[in-house]
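Me: I would like to learn how to read a protein structure feature by feature. Could you take me through one, giving the general idea before the particular case?

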Amino acid sequence: MNFGEIQGPFIADVAALIFSFLDIPDKQSTAQVCRFWRSISYLPSLWRDVTVILPLDCTEELVRSLNRRKITRVNCSRANANDLSFLFSYLPGITHLSLSGCPHVTELFLKREIPKLYELQQLSFRRCCGLSDAVLEACGPCLKKLTSFTLEDCDNITEIGFKNFVKHLCNLEVLDLTWCEGLTDGCLKTLGECCVNIFRLSLRGCDWVTEVGVRHLVENLKELAELDFKWSHGINDATVKLVAKNLPGILSLDVKDCPFVTSDGIKLVTQLLPKLKHLSFGGGDHLHFANSVQDIETMFLDIAHLTELRCLAFDFCDCISNSAMQGLIRNLPNLTMLDVGYMETVSDDTADLIGTHMQKLESLSLSSQKLADRGVAAIASKLTKLKSLDLRNCEISNSGMARMAPNLKNLKSLILSSHSKLTNVGVKCIASFAKNLTSLDLMDCCGVSNPGVAILAFNLTKLRQLNLSFCKRVSNNGICEVGRYLKELRQLTLDHTGITDRGFVYVSRHLPKLISLGVEGCKISDKGLSNAAGSLSNLEELDLGSNLITDVGIHQAVSHLKGLTDMTLTGCMTITDASIESIVKEMPCLTHLGIESCLKITEESVERLRETSRSTISFF
């Protein structure tokens, strides 16, 4: 008698219901129990809207299992043409596809295969050197169902290819052109004429955008609700005024790090966009943000009238007075995210006021040396919905952490970098109460040492990101505890700590899910690098910086680091041109190589490699 017969006729339905509450790793585990459980675990209804990240060692069996589960959302960051050919042949109905890096996927392949994916609704290219105008021109007429398109950091795309692509995309609703430097204002004209349904547009880092291009947008894209200009140096007050006057339905505007947007532009936003829900501004090394302190005071009084605001981020100066800041806090009780950058006037009283009036906050970032124990204790006790808390550069002591930590049980992300008074005693408080943390940043907390790290590792087993850089009292013993207990870690930053080969090799061998590792400024030798590399085949990002590493160590390591997409070498004084030639030649997935203060590497060699390599090489 089989298992199904023992359990009765409804076992499959009951099992499917139970499995529907499992997360993805648990569903994968249940599929290993027996054939019957696998058949239930692979029901397409249990995998609807799941995005699969294609692993480096993609197999035929995996792709067939994706087909059985009717998975249509795939993220491919390190795939080659063979992987993608097999994937597309078994999953022709892909609806969501993200291609990131993939330096050995050629223009010819993309031009031939992507147009066949007629069901695509969302398509994303990031740093794809094989992407070209010709590929976009081939795709445009075939991807009629496309509603979301991302073109990030793709330097090969020009105005011609972009225009010929978007003119076919009448259903496009979301477009991201972050760091696309080959486009022009003319692209925005075509976009405005052909894609009138766009409601979300990101032009981050697009210095080519000017008032001329934005005018084309605002005249045609009347559905636009979210507009992101962050890092775009061509944006100024006149551009902001154009947006605010012509698009009264805008709900989200980001002009952070746009150095020519001043307080005058922000005041126009507050007057013309009363329904705004997200506003971000400041930063960008403003030389002239406001004519006077009074202008800033007036601007913040105007912001306080934006009662629909849910997210507010600003970073520009210390000129805001306590009274203006208090008015802002009292009048915006519905904020769920607040980021004030570094502001010296933020004090314990400010924090107490935030806790009293902004109890819907889920994300809070405050940075000030006047913010100390009383203020952070008030925040923690009153803001019960907080999921993310950034308190870098504050004056929090162990006593303050003891008062604060018991109220951090729901927190997911905590940044406490540059806390000179925080020691292992305070760290123990975090470890005892904040057990749901998935991200912890203790950069430059010089009072934290190995025992504190060991306590964290033993208690915070859900951590996926950990930053201990510049914690100079942390060495091998503490890091080995990290490797022993933090099996969910994806990102580990250990720059300028006391670890040597032993700690480096240990975490490399014991953290199988690690995708990003930083050991710049650590005493890693050729032997340590070679021994660790054999366990880092799945690593995507590696930062190295050691005088003990030579060409021999690099040559031995690169044969194992086949999955690396991003590598940075800083202060490796003994490596030569032979090392970077070996890296570029032996790492098939590499999209970026950063070289800084490596004095034996020549500019001539870098230029020669730039001409032939598919990777971007930064040299300082």
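Me: Is Arg200 buried, partly exposed or exposed?

Reply: The general idea is a scale of relative accessible area, on which buried means under 20%, exposed means over 50%, and partly exposed lies in between, using a 1.4 Å probe and protein chains only. Arg200 has a relative accessible area of 35%, so Arg200 is partly exposed. Before we go on, note that this is a predicted model, in which local features need pLDDT of at least 70 and side-chain atom pairs count only at pLDDT 80 or more, while totals for chains, interfaces and linings use all residues. Residues are numbered from 1 along each chain as its sequence is written, and side-chain values use heavy atoms, with hydrogens and water left out.

Me: Which side chain does Arg200 meet in a salt bridge?

Reply: A salt bridge is a side-chain nitrogen of Lys or Arg within 4 Å of a carboxyl oxygen of Asp or Glu. Here the partner of Arg200 is Glu226, at 2.9 Å from N to O. Because Arg200 lies in strand S7 (residues 200-202) and Glu226 in strand S8 (residues 226-228), the pair ties together parts that are 26 residues apart in sequence. Strands (E, at least two residues) and helices (H or I, at least four) are DSSP runs, numbered from the N terminus. Glu226 is partly exposed too, at 28% relative accessibility.

Me: How many residues apart are Lys189 and Glu193 in helix H10?

Reply: They are 4 residues apart in H10 (residues 185-194), which means that about one helical turn separates them.

Me: Why is strand S11 described as largely enclosed by the rest of the structure?

Reply: The reason is that 4 of the 5 residues of S11 (residues 311-315) are buried. For its neighbours, recall that two strands pair if DSSP finds at least two bridges between them. Strand S10 (residues 278-282) runs parallel to S11 and is joined to it by 5 bridges, while S11 and S12 (residues 337-342) pair in the parallel sense over 3 bridges. Leu312 of S11 stands opposite Leu279 and also opposite Leu338 in S12.
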